Amino acid sequence: MSVFEIVEFTLKPGLDAEAFLALVPPTEAFCRAAPGFRQRWLTQGDAGRWLDIVEWADMASAHAAAEAFMRAPGVPDFVAAIDGPSVTMKHVTAQIHMAA
């Protein structure tokens, strides 16, 4: 079954959603090129909390991507926009999948 990487965070003070979203394209390029990538959702919720949810084919792909992410071109700018102490990250394995 798929593995989901779930990262929850807030942005650094003073940075708005539009400026943050302008930093996303290099992360999209990284994901699309990473072995095992399936799909991604970047969501904004209540109180300025964001969720970055990435579906990977397996845990090995998820861990390899997590290790390589910071070295990808343009990614450090994306990460610099995030309030570091606010970040939580986990990998979970899907047990049941249901679609419409």
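This is a predicted model: local features need pLDDT of at least 70, side-chain atom pairs count only at pLDDT 80 or more; totals for chains, interfaces and linings use all residues.
**Entry 1, helix 3**

I began with helix 3, which spans residues 59-68, and listed its buried residues, which are Ser61, Ala62 and Ala65. Looking down the axis of helix 3, I found that these buried residues fall within an arc of 100 degrees, so they line one face of the helix. I set beside this the general rule that an α-helix has 3.6 residues a turn, so residues three or four places apart point the same way. On the face of helix 3 that is turned away from the buried side I noted the exposed residues Ala60 and Glu67.

I then asked what covers the buried residues of helix 3. The cover includes strand 1 (3-9), helix 2 (25-33), strand 3 (50-56) and strand 4 (88-93). At the start of helix 3 I also looked at Asp58, and a side-chain oxygen of that residue reaches to within 3.3 Å of the backbone nitrogen of Ala60.

I repeated the search for helix 2, where the buried residues are Thr27, Phe30 and Cys31. They cover an arc of only 95 degrees around the axis, which puts them on the same side of helix 2. The face turned away from that buried side carries Arg32 and Ala33, both of them exposed. Strand 2 (37-44), helix 3 and helix 4 are included in what covers the buried residues of helix 2.

I took one residue from each face for a further look. Thr27, in helix 2, has a relative accessibility of 0% and therefore counts as buried. Setting aside neighbours within four places in sequence, I found Thr27 in contact with Arg40, Phe69, Val75 and Phe78. Ala33, also placed in helix 2, has a relative accessibility of 64% and so counts as exposed. I checked the C-alpha separation of Ala33 and Val92, which are 59 residues apart along the chain, and it is 21 Å.

I turned to the largest pocket, whose volume is about 340 Å³. Its lining is made up of 19 residues, and those nearest the centre are Glu5, Val7, Phe69, Val79 and Met89. The elements that each give two or more residues to this lining are strand 1, helix 2, strand 3, helix 3 and helix 4 (75-80). Sorting the lining residues by kind, I counted 15 nonpolar, 1 polar and 3 charged.

From the residues nearest the pocket centre I picked Val7 and Met89. Val7 is in strand 1 and counts as buried, because its relative accessibility is 14%, which is under the 20% cut-off. Beyond residues up to four places away in sequence, Val7 touches Trp50, Leu51, Asp52, Val87, Thr88 and Met89. For one of these, Thr88, I looked up the spacing: Val7 and Thr88 are 81 residues apart in sequence and 5.6 Å apart from C-alpha to C-alpha.

Met89 lies in strand 4, and at 46% relative accessibility it counts as partly exposed. With neighbours within four places left out, the contacts of Met89 are Glu5, Ile6, Val7 and Ala66. I also recorded that the C-alpha atoms of Met89 and Phe9, 80 residues apart in sequence, are 8.8 Å apart in space.

Is Asp52 buried or exposed? Asp52 is found in strand 3, and its relative accessibility of 8% makes it count as buried. I looked for a polar partner and found that a polar contact of 2.7 Å joins the side chains of Asp52 and Arg40. Leaving out neighbours within four places in sequence, I listed the contacts of Asp52 as Glu5, Ile6, Val7, Phe9, Arg40, Trp41, Leu42 and Phe78. Arg40 is also among the contacts of Thr27.

Phi of Ala47 is near 60 degrees, which I noted as a positive value in a residue other than glycine. Ala47 is exposed, since its relative accessible area is 77%.

Definitions and conventions
Residues are numbered from 1 along each chain as its sequence is written. Side-chain values use heavy atoms; hydrogens and water are left out. Buried means under 20% relative accessible area, exposed over 50%, partly exposed in between (1.4 Å probe, protein chains only). Helices (H or I, at least four residues) and strands (E, at least two) are DSSP runs, numbered from the N terminus. The arc is that of the directions from the helix axis to the C-beta atoms. Contact means heavy atoms within 4.5 Å. A polar contact is a pair of N or O atoms within 3.5 Å; within protein, one must be able to donate a hydrogen and the other to accept it, and residues adjacent in sequence count only if both atoms are side-chain atoms. On a 1 Å grid over the protein atoms alone, a cavity is a set of points where a 1.4 Å probe fits but cannot get out, and a pocket is an open set with protein on both sides within 12 Å along at least five of seven lines; lining residues have an atom within 4 Å of a point. Grid points are joined across faces, edges and corners, and a volume is the space filled by probe spheres set on the points. Ala, Val, Leu, Ile, Met, Phe, Trp, Tyr, Cys and Pro count as nonpolar, Asp, Glu, Lys and Arg as charged, and the others, Gly among them, as polar.
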